[in-house]
Amino acid sequence: MRVLMIGANGYIGRFVADRLLADPAVQLTALGRGDDADVRFDLATGSPGALTRFLDAVHPGVVINCAGAIRGGARELTRHNTVAVATVCEALRRSGCGARLVQIGCSSEYGPSQPGSSTAEDAVPRPGGPYGVSKLAATELVLGSGLDAVVLRVFSPAGPGTPAGSPLGRLAEAMRRAMQSGDGELKLGGLGVQRDFVDVRDVARAVHAASLSAAQGVINIGSGRAVRLRDAAAVLARVAGYGGALHELDAPPGPLRSAIGHPRADSEHGAPVAYPYPDGCGSWQQADVRTARDRLGWRPRINLEESLADIWMEAACRI
């Protein structure tokens, strides 16, 4: 099976590429902006015609798009998350390769949900910020393209390679600094948020399964269980061997914010700086993952403790 992969150097893309390379039946070609891509191409600025010519030359059976941006203003997010996907869809429509498209979406497309609920694929999307809007627009382009396509809405990925700027990444870095400096207490904020964490290696398994299946439409990829960041912090402390006290700071006024990453709040360091939680999904998200089970034969295998242990292992290497 010839697979063209876009975004193989991203957080999720690296694990998807590793998973595909381990399959002897897959012939993988990586397309991207970096020098290490097999083919250099910028989806945000490249033309559909140029991409069509490449598709006709390579003739892949599957195109997997893991590319995108999670930070930046509305214009940048639209260019990398929406315009880029429009280019892929148009190129596939023009090409004679007939490739199946596997698009990586995200739970931010749903926006806030009712605490205690599980979000299924038929929920009405109400994204709470420009990132979710840009990803939802990309999903709608894929679904309306007429292509053989599936969108995997990935909830909160965790595990090795977790970006340092993510809530779990900041949590690990804060704990690393506290242990390095010998602080007996760690002051954290924003720990009341609950998210559905799914290991990035399980996400890669889902992408592999989707590329081999005939499933179409939207499929949630998550653990099916919401976890409070406060509980994740306690697990991380146990994994790290941090014996200090964890103190939760009062939530600042205004929109929901996360202040993870500031182990001190004394006169030297000032008040903890609040960071916006980046997904615009409010206080709760939990996936209904029955569709992934029924249509892909997929279930998550790696529990959050193992994911956090791998996050800590990488953070500890910086001590």
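**View 1. Strand β4 and its parallel neighbours.** β1 and β4 run parallel and are joined by four bridges; strands count as paired if DSSP finds at least two bridges between them. This is a predicted model in which local features need pLDDT of at least 70 and side-chain atom pairs count only at pLDDT 80 or more, while totals for chains, interfaces and linings use all residues. Residues are numbered from 1 along each chain as its sequence is written, and side-chain values use heavy atoms, with hydrogens and water left out. Leu-4 has Val-63 of β4 as its bridge partner. Strand β5 (residues 100-106) also pairs with β4 in the parallel sense, over four bridges, and here Asn-65 is partnered by Gln-103. Helices (H or I, at least four residues) and strands (E, at least two) are DSSP runs, numbered from the N terminus.

**View 2. The two faces of β4.** Val-62 and Ile-64 point one way, Val-63 and Asn-65 the other. All of them are buried, that is, under 20% relative accessible area with a 1.4 Å probe, protein chains only (exposed is over 50%, partly exposed in between).

**View 3. Helix α2 and its packing.** Look along residues 48-58 for the buried Gly-49, Leu-51, Thr-52, Phe-54, Leu-55 and Val-58. These buried residues pack against β1, β2, β3, β4 and α3, where contact means heavy atoms within 4.5 Å. Just after α2, His-59 takes a positive phi of about 55 degrees.

View 4. With a disulfide taken as a pair of cysteine sulfur atoms within 2.5 Å, the count is zero. Cys-106 is in no disulfide, and the nearest cysteine sulfur, that of Cys-281, is 7.5 Å away. Cys-106 is buried at 7% relative accessible area, whereas Cys-317 is exposed at 64%.
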